[in-house]
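Hi everyone, thanks for coming.

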Amino acid sequence: MSTAELQESFREFLRGFRTEIEEQKYRRRLSQMALTGSKSLIVDFEDLMAFDPELAKEIVNNPDEALKYANASILEQMRIEDPEYAEQVGEFFVRFRGLPERLSLRRIRADHIGKLVMIDAIIVRATPVQPLVVKAAFRCRRCNEITLVEQKGPLMRVPLFCANCKARQFDFDEKESSFIDSQEIRAQEKPEELPPGQLPRSIDVTLRDDLVDAARPGDRASITGIVRAQQTMAGRRGGLRTFELYLDANYVDVSGREAEILEITPEDERYLKGLSKDPWILNRLKMSIAPSIYGYEDVKEAILYLLHGGVRKELPDGINLRGDMNILLVGDPGTAKSALLQYVARVAPRGLYTSGRGSTAAGLTAAVIREKSGGMALEAGALVLADKGVCSIDEIDKMRPEDRVAIHEAMEQQTVSVAKGGIVATLNARTSVLAAANPALGRYDPYRNVSENINLPITILSRFDLIFVFRDMPDEELDRKMSDHILRTHQIRATPMPEVSPLPPEILRKYISYAKRITPTLTDEAIRELKDFYLKMRATSGASDSPIAITPRQLEALIRISEARARCFLRDKVTSEDAKAAIRLMTISLQHVGIDVATGKIDIDVIMTGKPKSLRDKMQAIMGEIAKEEKEYGAAEEERLKGTLASQYGMSEAEVASVLNQLVKEGIIYSPKPGQYKRALI
Ligand code: ADP
Ligand code: MG
């Protein structure tokens with residue numbers, strides 16, 4: 001196509017394209033641009049393909065030339081639609097959305113250089129917006145004459161000599177130069193589209209002009225752009241023969257914001273609704289969760305609810321209440337924690353599996369990092385990349401200190417804030433967290449509470465709606481059944497179809513996606529049920545010296561679990577059955593972790609403050625005795641303490657020894673001599 005033809009054909013398209021419902025789609029869009037002050041015309045590529053396939057082909061194969069003329073024809077047409085606006089802006093851009101072919105990021109090759117392509121990706125990194133000089137003005141030091149130099153490439157081009165007086169000394173004149181906004185972002189393969197066992201690949205994308213800030217780290221986007229190659233520099237020796245590919249963006253379509261995660265056709269919808277009518281649906285859903293893993297029925301039920309999630313609420317005063325649930329699995333090695341986490345990351349409509357250490361510089365949350373070029377960039381970590389999905393965090397106890405701080409905000413407010421290196425940003429992390437932790441001492445010690453068993457602060461533990469403890473105890477009956485199950489899973493054979501069968505992962509994923517569209521509301525009966533439970537638990541701890549059993553955090557968790565269960569039935573009402581099921585799971589979880597081993601009472605204080613009430617009482621008694629002995633003898637004697645505490649408080653010698661140990665470990669007392677103790681802080 002000749003250039004004149006190009007420009008004319010595109011103008012023809014702008015004027016002539018019509019659909020059944022709309023006479024002049026692009027003329028209308030042009031007139032709207034003036035109203036919204038936009039300089040970009042967004043064109044649906046399929047419209048162009050339908051109207052003028054040859055022009056469409058030209059644009060894909062020869063975009064540099066073709067876009068230039070398409071932009072010019074927009075200006076021409078705008079002069080007719082709105083001459084004043086055309087004059088005021090002077091330059092317009094055509095931006096293409098929805099190319100017929102989505103190129104996989106890892107398939108971009110040398111063949112694509114100079115071509116227009118579209119990729120689907122997640123944005124993982126962004127630099128601040130910076131002005132980029134496109135026409136640099138240089139003032140001659142001798143005669144003051146201005147020389148303008150068009151700029152291309154990464155380095156500034158300077159004139160050789162002044163056209164007027166031939167002098168070679170210049171000053172850069174910022175006022176006479178023209179700048180545009182510029183930003184670099186990094187696009188990476190979406191975690192859920194990654195081939196199994198592969199590391200995600202990424203490509204840098206340059207955004208210019210009105211495209212800057214079109215996407216933030218964590219956003220999912222379809223990016224249309226021209227593939228370009230930039231020479232790799234080898235220091236002073238000059239450029240290498242290998243080049244690095246990058247994408248010069250033409251359009252960034254941020255789909256992740258509202259779009260559905262999975263497409264559900266009307267047929268799917270009919271099928272899923274039919275499924276939900278099955279009287280055994282809840283059982284089928286439960287048994288569809290990690291069918292290869294034996295046992296753990298309650299944990300699987302909880303995971304099913306985590307996948308469905310509760311309802312996020314935006315209160316009139318601007319406060320958001322998260323709908324996403326967080327679950328923690330703590331336990332002995334080899335109890336299928338990692339296997340469950342990996343399963344969930346695979347089956348969740350948007351799942352991501354990471355270890356506590358994180359696999360990138362950004363770790364679990366977000367970080368400001370220094371780029372190769374020396375500038376700063378904001379990089380999203382796992383919780384941001386899993387926005388609107390499920391983040392499986394294995395070995396969460398090994399996360400980095402920076403993440404320990406940031407995860408508090410991420411798990412309750414569901415945002416990650418960063419203010420460092422001149423970058424200030426708040427990213428979304430509306431993520432359900434399924435985490436696993438190993439006991440600090442290798443195996444779970446049932447005589448210590450959960451916070452003593454794992455290396456995580458109480459403030460993080462209390463952000464989990466449910467915590468389950470997995471203990472590996474030899475049990476002949478159980479071992480036989482489990483080994484049978486594992487061996488059969490490994491034996492390749494035709495599976496007989498049982499009457500009630502689990503759902504295949506694709507169906508389960510669709511079911512969850514569809515269920516998540518429903519926003520169930522609490523019925524009065526459900527409210528009564530939850531309130532009764534809450535008040536009862538609070539009342540048992542009513543007397544001032546008994547442990548507090550439950551806090552408002554657990555009440556919110558109960559609501560989320562009940563709502564999630566209603567979604568499993570595709571129901572928009574939360575019934576009292578939903579509430580009862582939530583209460584059952586909550587009780588189990590509290591028993592797993594919160595039981596005060598000494599009194600047998602459920603003691604949420606164990607999770608909230610790290611010590612069961614009975615232990616705090618004992619510590620207090622011992623501290624009191626140590627204080628008395630210090631006054632009388634200068635230091636407390638272990639043997640004497642044991643005697644007094646046995647007679648006055650009924651504590652065994654072993655208990656006294658263990659509490660003394662604990663107090664020394666926490667630095668509350670110290671031992672000046674073996675068998676003697678003094679208070680460290682008076
Ligand atoms: P963890 O992360 O708890 O240390 P893993 O998930 O790595 O343990 O489990 C170790 C192996 O044992 C995995 O292959 C897992 O499938 C198997 N396994 C452990 N418990 C079960 C179970 N209940 N049912 C089936 N397989 C199990
Ligand atoms: Mg593991």
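**Around ligand 1**

Let's begin with a side chain: Lys-337 has a polar side-chain atom 2.8 Å from an oxygen atom of ligand 1. Please keep in mind that this is a predicted model.

The backbone takes part as well. Thr-335 places a backbone N or O atom 3.1 Å from an oxygen atom of the ligand, and a polar backbone atom of Tyr-294 sits 2.8 Å from a nitrogen atom of ligand 1. How much of ligand 1 does the protein bury? On its own the ligand exposes 570 Å², and 69% of that is buried by the protein.

Now, which elements give two or more residues to the shell? They are α10, residues 337–347, and α15, residues 476–490. Of these, α10 gives the most, with three residues.

Stepping back, 14 residues surround ligand 1, and the closest are Tyr-294, Gly-334, Lys-337, Ser-338 and Ala-339. If you sort the shell by class, you get eight nonpolar, four polar and two charged residues.

**A patch on the surface**

Let's move on to the surface. Met-156, Val-158, Phe-172 and Phe-179 form a nonpolar patch there, and together they have about 360 Å² of accessible area.

Let me pick out one of them, Phe-179, which is in strand β6, residues 170–188.

Terms used. Residues are numbered from 1 along each chain as its sequence is written. Chains are lettered from A and ligands numbered from 1 in the order in which they are written. This is a predicted model: local features need pLDDT of at least 70, side-chain atom pairs count only at pLDDT 80 or more; totals for chains, interfaces and linings use all residues. Side-chain values use heavy atoms; hydrogens and water are left out. A residue is near a molecule or strand if one of its heavy atoms lies within 4 Å of it. A polar contact is a pair of N or O atoms within 3.5 Å; within protein, one must be able to donate a hydrogen and the other to accept it, and residues adjacent in sequence count only if both atoms are side-chain atoms. Accessible areas come from the Shrake-Rupley method with a 1.4 Å probe; for residues, only the protein chains shown count as cover. Helices (H or I, at least four residues) and strands (E, at least two) are DSSP runs, numbered from the N terminus. Ala, Val, Leu, Ile, Met, Phe, Trp, Tyr, Cys and Pro count as nonpolar, Asp, Glu, Lys and Arg as charged, and the others, Gly among them, as polar. Patches are made of residues with over 30% relative accessible area and no salt bridge: like charges are joined within 9 Å, nonpolar side chains (Val, Leu, Ile, Met, Phe, Trp, Tyr) within 5 Å. A salt bridge is a side-chain nitrogen of Lys or Arg within 4 Å of a carboxyl oxygen of Asp or Glu.
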